Amino acid sequence: MRVKKRLQRCNFAHFATSLSAVSLILVSIVLTCSQPASALPAFARKYGLRCSACHESWPMLNYFGQKFKDNGYQLMNDRDAPIWQNPGYWPVTFRITPIWHRVSTGKVLVDTYSGGAVSGSAVQRVTSSGFDISGLDFLTGGTLEKNFSFYVLPSSDNTASFHFETVMGRLDNLFGSSWFNVKFGKFELDNLLSEKRILTLTGNGGIYQLYHFVPQGDGNVFGQMGDNQLGVEVMGHSYNDRTRYSAALLSTNDGQVGLPYGNAYTGFFAASQAFDAGKAGVQRVGFYAMVGEAPTTWLTQTGPSGATILPGSGIGNKSFSREGFVGQFYFGPHLDLQVVTQHGQDSVWFGQGYGDFIDGVATGNNTTGTTLAAGSRAPAWNGVLFEPHYVYSPQLIFIGRYETIRMSQQSTPGTASNLGNISTYTIGYRYNPFMTSRAGFAWHNEYNWLHQDGTGPTLGLTSANVNTSELLLGFDFDF
């Protein structure tokens, strides 16, 4: 689900003081208010399950919840078909998050004044704080008939500007086999670590940087694994969901509607295997690969105001790829660790700034006869993500994350080898005083710090590193 807002960050000393105070309050709440938790409203109202049946901590799925999702939101019993449900049942959930946050961005270029006029510029840290809200998610999903599933998610930003985040239909258990299911529409890629069920909400911590990384000066925005994509997916799994695979064919448009780019396609492939490690729990390892092409050339049309790009006319497709390994490791009933690695590479044309010209991301249009600068190379990078969770109970979870992304080859010779490198840390917790079959509520506290090399304003002959941080406290609730 997308319940986040990109803003910026705060200092650690302020965070530590705030967390200490909040932690004392939390301990008192935990000791005095412990209630059984139930499932997310939309499906809980249908099946009457407790939330802990499907969630380690809302909204993160556990093993049973993943199996329920893989089965097309079915328990594979007589209650799956909606004709057997109470006519008053409406599978809808609303989710929104009122928050307070303090955001701080270092190395911002600001004007200086002399005699009431702008006299120059300086670099300083910019910090702001206050009360805010997230966007709104309006979720509905389930079965139209047994083995005919759907999911629709109109989602807005915090100004109530809506778009369709997810719209998909699915045919389940074709030919009576769990190995053959077909999904069609706009949907989340089959990432083992789901960004749409992420437990964190800050601007930089509420996404996985590894899923959205683009090298500095690169014009390719199409390889963002965290964005929902338009296409068709075939997936299958063993009866107990220990073995699973998926293969998707996607339009290379980063989920944008209306065919704005032209004729290009991307494939996304994933597979994983789970195994029982005794008292430690069920472990899972797997891999993924995103391989595709995207346009770098655009047809133009000359009018009274000059030549303009023709939407939908993208040609000159060039290649890109993202691949890596994933793992979910459990260390008893309370502690788990999720790991994602990535090696990414873009065509040299993307690295030199060609690509998404329509949205202004690319710096130039690769017209007929264009040649690349001598020595230009395909940009490449490597990254890793570690996300541990300590689940004290379904009502209380502690969260951590470390991500780092390092360029292994810059596109332009002579570019600093570390330009654009990212390191980010996130810590937080979520406490659910209750989660009934009608509603869910979480008291959410989180801190994120992000460092990026060389992307700040130029100081002398070199660019500065940028540190940003955010402290966020809020009520995350759904109904």
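With which residue does Lys196 form a salt bridge, and how far apart are the closest N and O atoms? The partner of Lys196 is Glu165, with the closest N and O atoms 3.0 Å apart; a salt bridge is a side-chain nitrogen of Lys or Arg within 4 Å of a carboxyl oxygen of Asp or Glu. Lys196 lies in the loop between β9 (181-187) and β10 (229-237) and Glu165 in strand β8 (residues 162-171), so the pair ties together parts that are 31 residues apart in sequence. Strands (E, at least two residues) are DSSP runs, numbered from the N terminus. Lys196 and Glu165 are both buried, that is, under 20% relative accessible area (1.4 Å probe, protein chains only).

The model is predicted: local features need pLDDT of at least 70, side-chain atom pairs count only at pLDDT 80 or more, and totals for chains, interfaces and linings use all residues. Residues are numbered from 1 along each chain as its sequence is written, and side-chain values use heavy atoms, with hydrogens and water left out. The chain has a mean pLDDT (the predictor's confidence in each residue, from 0 to 100) of 84, and 82% of its residues reach 70 or more.

In the whole structure, 8 salt bridges are found. Asp476 counts as buried because its relative accessibility is 0%. A network of salt bridges links Arg95, Arg430 and Asp476.

Terms used: Helices (H or I, at least four residues) and strands (E, at least two) are DSSP runs, numbered from the N terminus. Buried means under 20% relative accessible area, exposed over 50%, partly exposed in between (1.4 Å probe, protein chains only).
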